[in-house]
Amino acid sequence: MNLRELVYGLYSRRVEHRLDVTQGPKHIGVILDGNRRWAKAASSTAEQGHQAGADKISELLGWCEETGVEVVTLWLLSTDNFDRPSGELVPLLGIIEDAVAGLAATGRWRVHHVGTMDLLPDRTQAVLKEAEQATHNVTGLLVNVAVGYGGRQEIADAVRSLLYEHAGRGTSIEDLAEILDVEHISEHLYTRGQPDPDLVIRTSGEQRLSGFMLWQSAHSEYYFCEVFWPAFRKVDFLRALRDYAARHRRYGA
């Protein structure tokens, strides 16, 4: 162990010991950003960067278990990512498939897909469905894998689902307009039945949501981290929790 690793270990333990996990978030959303830039800095390929990012996920979930987090939403592939060249997109989908299947195979976490299935290749759809079915009765950490996900698309899908439901009941548009409130839409989101994220973490230094959980994050706290996702360390995670615990959440009051 070199001096840098020794100092890092000591600092990490110091942060962890001072952290009050009872004040920590129960649902964390994570925008896993910076895989390609990490790869470029390491003179690696984009595919190697995406694989390094996928390899980091199980570490993060372990840290979440240790600190009392109950739900984690991981943004693995956005609807905008479909515009990438096939030479990058196809390997990325394969990496995501392997990562999701690996999470399910552990038997530790309950996997739930959030996103639009119809946009995804048949194999990716099959992997996501199999992971959900295989972990349906797992009582551990709930892991939402956002694949083919876009916040605006989610809201549009929720409204569409709501309209179909009420059309099936024979409700007129006029009657629906009279009773419609935010809870009606929340009941049709991809994350229906789950608590909204308390904390949203984005790596790589970008300070924007880019459409991530637009509806659910209305009262979330945000933490923007400079480090690229594959280089994200436990101490970076603990700093995010420490920052969250130091904030006074007013919810508009």
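This section describes the nonpolar cores and the pockets of a predicted model.

The largest nonpolar core comprises 43 residues, among which Leu60, Leu74, Leu76, Val100, Val145 and Phe237 touch the most other members. At least two residues of this core are supplied by each of β1 (27-31), α3 (46-66), β2 (71-78), α4 (86-106), α5 (122-134), β4 (142-149), β5 (199-202) and α9 (234-245), and α4 contributes the largest share, namely seven residues. When neighbours within four places in sequence are left aside, Leu74 is in contact with Val30, Leu32, Ile57 and Leu60, as well as with Val143, Asn144, Val145 and Ala146. Another core, of ten residues, lies apart from the largest one and includes Ile31, Trp75, Tyr190 and Phe212.

With regard to open space, the largest pocket has a volume of about 550 Å³ and is lined by 25 residues, those nearest its centre being Leu32, Asp33, Leu76, Asn81 and Arg84. To this lining α2 (35-41), α3, β2 and α4 each supply at least two residues, and its composition by class is twelve nonpolar, seven polar and six charged residues.

The second largest pocket holds about 280 Å³ of space, and of the 13 residues that line this pocket, Gly115, Thr116, Asp157, Tyr190 and Arg192 are the closest to its centre. Both β3 (110-114) and α6 (151-169) supply at least two residues of the lining of the second largest pocket, which consists, by class, of four nonpolar, six polar and three charged residues.

Note on methods:
Residues numbered from 1 in each chain as written. Predicted model: local features only at pLDDT ≥ 70, side-chain atom pairs only at ≥ 80, totals over all residues. Heavy atoms only, no water. Core = buried A, V, L, I, M, F, W, Y, C linked by side-chain atoms within 4.5 Å. Buried < 20%, exposed > 50% of the residue type's maximum accessible area, 1.4 Å probe, protein only. Helix = DSSP H or I, 4+ residues; strand = E, 2+ residues; numbered from the N terminus. Contact = heavy atoms within 4.5 Å. 1 Å grid on protein atoms, 1.4 Å probe; cavity = no way out; pocket = protein on both sides within 12 Å on 5 of 7 lines; lining within 4 Å. Points joined across faces, edges and corners; volume = space filled by probe spheres on them. Nonpolar A, V, L, I, M, F, W, Y, C, P; charged D, E, K, R; others polar.
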